[in-house]
Amino acid sequence: MSRFFATGSDSESESSSSADEVLPKQAGSNFAKQPLLVSDDEEDTKRVVRSAKDKRFDELTNIIKTIRNAMKIRDIAKCLEEFEVLGKAFLKSKGIIDKEGVPKFYIRILADLEDMVNEVWTHLLHRCVL
């Protein structure tokens, strides 16, 4: 019986209240007693420091790989989506590009995208004529 609804005698409420009491837990006591577990993988890996130029150029090349995959399967919607992401990443790395110059892989993907758009456009025009 709950101690809030106890209406019986004092002896009954004492016996039930002692059984219903909940001991408060100490906050953080379990955390301090747990040992730190370190796996072997974490010990062997070393942190690699990369320059901002490398980070930005890697980001651009990963986006370009995604665009090339979409171009191979003729997924125009995915190409457009990734082209917008590429534009944002290009603007994000504008400071580095100003110092280093526009990378050749960026110019190459723009030319390839233009060729693909022209090719798709001509195929679309030929379908409409027929």
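Tutor: We will take the labels one at a time. Keep in mind that this is a predicted model.

Student: What pattern does the protein follow along the sequence?

Tutor: The pattern reads α-α-α-α-α-α-α. The count is seven helices and zero strands.

Student: What makes H5 roughly antiparallel to H7?

Tutor: Their axes cross at roughly 150°. Angles over 145 degrees count as roughly antiparallel, so H5 is roughly antiparallel to H7. The axes come within 12 Å, and the crossing is left-handed.

Student: Which residues make that contact?

Tutor: From H5 come Ile 76, Cys 79, Phe 83, Leu 86 and Phe 90. From H7 come Tyr 106, Ile 109, Leu 110, Leu 113, Met 116 and Val 120.

Student: How do you know whether the contact of H5 with H7 is nonpolar or charged?

Tutor: Sort its residues by class. Ile, Cys, Phe, Leu, Tyr, Met and Val count as nonpolar. The division is therefore 11 nonpolar, no polar and no charged.

Student: What is in the largest nonpolar core?

Tutor: The largest nonpolar core has 17 residues. Those with the most contacts inside it include Leu 60, Ile 67 and Met 71. Helices H4, H5, H6 and H7 each give two or more residues. H4 gives the most, with seven.

Student: What does Ile 67 touch?

Tutor: Leaving out residues up to four places away in sequence, Ile 67 touches Cys 79, Glu 82, Phe 83, Leu 86, Ile 109 and Leu 113.

Student: How much of the protein counts as buried?

Tutor: Of its 130 residues, 16% count as buried. The cut-off is under 20% relative accessible area.

Key: Residues are numbered from 1 along each chain as its sequence is written. This is a predicted model: local features need pLDDT of at least 70, side-chain atom pairs count only at pLDDT 80 or more; totals for chains, interfaces and linings use all residues. Side-chain values use heavy atoms; hydrogens and water are left out. A nonpolar core is a set of buried Ala, Val, Leu, Ile, Met, Phe, Trp, Tyr and Cys residues joined through side-chain atoms within 4.5 Å. Buried means under 20% relative accessible area, exposed over 50%, partly exposed in between (1.4 Å probe, protein chains only). Helices (H or I, at least four residues) and strands (E, at least two) are DSSP runs, numbered from the N terminus. Contact means heavy atoms within 4.5 Å. Axes are lines fitted to C-alpha atoms, for helices over the stretch in contact, and angles run from 0 to 180 degrees between N-to-C directions. Angles under 35 degrees count as roughly parallel, over 145 as roughly antiparallel, 65 to 115 as roughly perpendicular and the rest as oblique. A crossing is left-handed if the near helix is turned anticlockwise from the far one by less than a right angle, and right-handed if clockwise.
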